Amino acid sequence: FQPRFSVVADAHFHLSFINREIRVSDFGDGTGTKADTHAAGVVISDKPLHEYMPLYKGKKGEVVTQLDMQCVEKIGLIKFDFLGLRNLTVIANTLSLIERQGKISPDIENLDFNDPKTYHLLSSGNTTGVFQLESTGMKDLLARLKPESFDDIVALVALYRPGPLDSGMVDDFVKCKHGKKTVKYSVPELEPILKETYGVIVYQEQVMKIANDLANYSMAEADDLRKAMGKKITEIMAEHRERFINGAKENNISPEKAKDIFDLMEKFGGYGFNKSHSAAYALIAYQTAFLKAHFPVEFMASLLTSEMNSTDNVVKYIAECRNSGITVRPPDINESERVFAVRSNEIIFGLVAVKNVGEAAIDCIIEERGEERFDSLFKFCERVDLRKVNKRVIESLIKCGAFDSTGFFRSRMLAVLEDSLDYGQRVQRERTDPQMGLFESNGSDQSINLPPIPEITEWDEKQLLAFEKECLGFYISGHPLDRHGDKVEKFANTHTALLKEKNDGDVIRMGGIVVAAKVIKTKRGDLMAFVTMEDMHGSAEIVVFSSVYAASHDLLTDENAIFVKGRVQKDENSIKLLADTILPMDKVEEKWTASIHFNVDMDKINRESFMKLNDIFKRYPGTCQAYVHLLNPDKTETVVALPDTTRLRAGSFLTREVNSFLGYNAVETICSSAEASSDAEDGFKKRGKNGNSRYERR
């Protein structure tokens, strides 16, 4: 074979292998003059392609067909799609990491398809990073369906598409699986075909099998029916309806039942998915879920390596690690490899992630490190090639925490960096030219004395995190939002990684840090801004129109923590949030709290204490409905709704004073929402207390 590139008009590009017997080329839709690329399509013929169709050459000499996909098929050639999946590399790298930890790597081609741990992970919806199963909608579907077999996963991949979701197929499937809806078959012959999918037509192969078994279709005819249903070609469907009814009659199926079956096929068959395709995807989904369930640290390290060029995805998977209790450590000159590695059940960043640190510097560090650790910045500068590992490289490594394992403050190492470089260069010169020491005016010992380290304090957390973000593009050891975590969890209804799954026009609330703001002047002369906001899962663009900007411009400064309420604006190319309200993080509890609940232990309070508690309430007048939950010794609870004259202002000051007075965490706040009510009963239900509670309004 001689490798050549071939491309097709308007949409497709492929690798072509050409010899005397086989011609491999691409295809295009033929509707335009622009030659573009296609990721997978390949056309194979038994003769030179120019004997079947007109060709031309692209700008780089690549072979281009002048027929589109449909025309290529009509002249008798076959087109294949060959797909390459990043997830296969993730699986291979995970297995390699497992073996490097001294663990026994699973036989990925022969997994146990009845593994309880894997199905528990799938049923819990903990599938971030799992192939095909990590979207929010799919996680919800997994939690509803609770798959128990590989067949369930195959069906999930086929069902989670707009057509089946909108048609009600998915709801029927879930209800039938859990026995909430009775599975019915029009004729007994349908049961062996539809039993695995609980009576729901999920796959194209089921449509073909029904036509073959019930109406005596040949498989070629059944394939034509499948195509007609998928493309909803009315004329051809009318012909097939008659053909199906007549064929079913030959098998003693009444025309009425045959018509009902065909209607069912027509309704759901058009949404049918190719089972062989779904099964192949489900296999990779199961393999990745198995690895995440049994080897989560190695799997997440491999996943992070595969996404190193995508800052948003790295941030998303770091957040997933944090939520799963997996420690992700900053780069380390003594532990890090080029890419993400695993040490002592922790993930360590690869050195290639550090900005300003090139391949040559990384190779030099890893090679020089060998089996002997770097115990200080001085020894590091003494041993590495400072022509490759220069000041800029070392500065970035210090700022991101790569030298933390030497035991020195980052602030002190950066302060002594110049002296360390001078020391290292001098030692290296003396090492290569021993005679230099003979001519030192004050003796050779002085030339290798370690420079003094200044006694300065470490940077504060804000500065440490800022330098990490500067050198890595994201935060590792912490996040500026960490101290606001309770507010974000309580008042946000989404985060940046989920925005792409929202619908255009959805109203959302999101908390984050301002990382950039571009202010422009409108045609009317008013000011507005485009703000980049970041949370623990990624970043998003916020459009702040002039009316909102006028009220919140002072909040749109770098590193400021804010809450935004607005509407999603979504198109094919971008997702933005059009802000309606912007609040500082420390005001969100006061502004968006619907009700405040005080849990009072009746064993620890008396009448006098109640009077003092009432005095505290009087110091915080506001708009929030308040409830006192009297927790009785017998585990029952009485809820007292305070009168409208005792509405309160929510916030940290009220919470801190009440908790301090009672001696325990007694205060809970409930976030307002579109469906929230000010009625006491609704507030009580939203809080979600148990059935041993009694509600009173006083």
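Helices H9 and H10 are oblique to each other, a word for angles that are not under 35 degrees (roughly parallel), over 145 (roughly antiparallel) or 65 to 115 (roughly perpendicular). Helix H9 covers residues 204-215 and helix H10 residues 219-231; they pack at about 130 degrees, with axes 9 Å apart. Axes here are lines fitted to C-alpha atoms over the stretch in contact, and angles run from 0 to 180 degrees between N-to-C directions. Helices are DSSP runs of H or I with at least four residues, numbered from the N terminus.

Please keep in mind that this is a predicted model, where local features need pLDDT of at least 70 and side-chain atom pairs count only at pLDDT 80 or more, while totals for chains, interfaces and linings use all residues. Residues are numbered from 1 along each chain as its sequence is written, and side-chain values use heavy atoms, leaving out hydrogens and water.

Now, the aromatic rings. How many aromatic pairs does the structure hold? There are 17, and rings of Phe, Tyr and Trp (its six-membered ring) pair if their centres lie within 6.5 Å; planes under 30 degrees apart are stacked, over 60 edge-to-face, and the rest tilted. Take Phe113 and Phe150: their centres are 5.0 Å apart and their planes at 65 degrees, so this pair is edge-to-face. Phe113 sits in the loop between H2 and H3, Phe150 in H5, 37 residues apart. Together with Tyr119 and Tyr286, they form one aromatic cluster.

My other example is Phe244 with Phe262, a tilted pair because the planes are at 55 degrees, with centres 5.6 Å apart. Phe244 belongs to H11 and Phe262 to H12.

How values were computed:
Helices (H or I, at least four residues) and strands (E, at least two) are DSSP runs, numbered from the N terminus.
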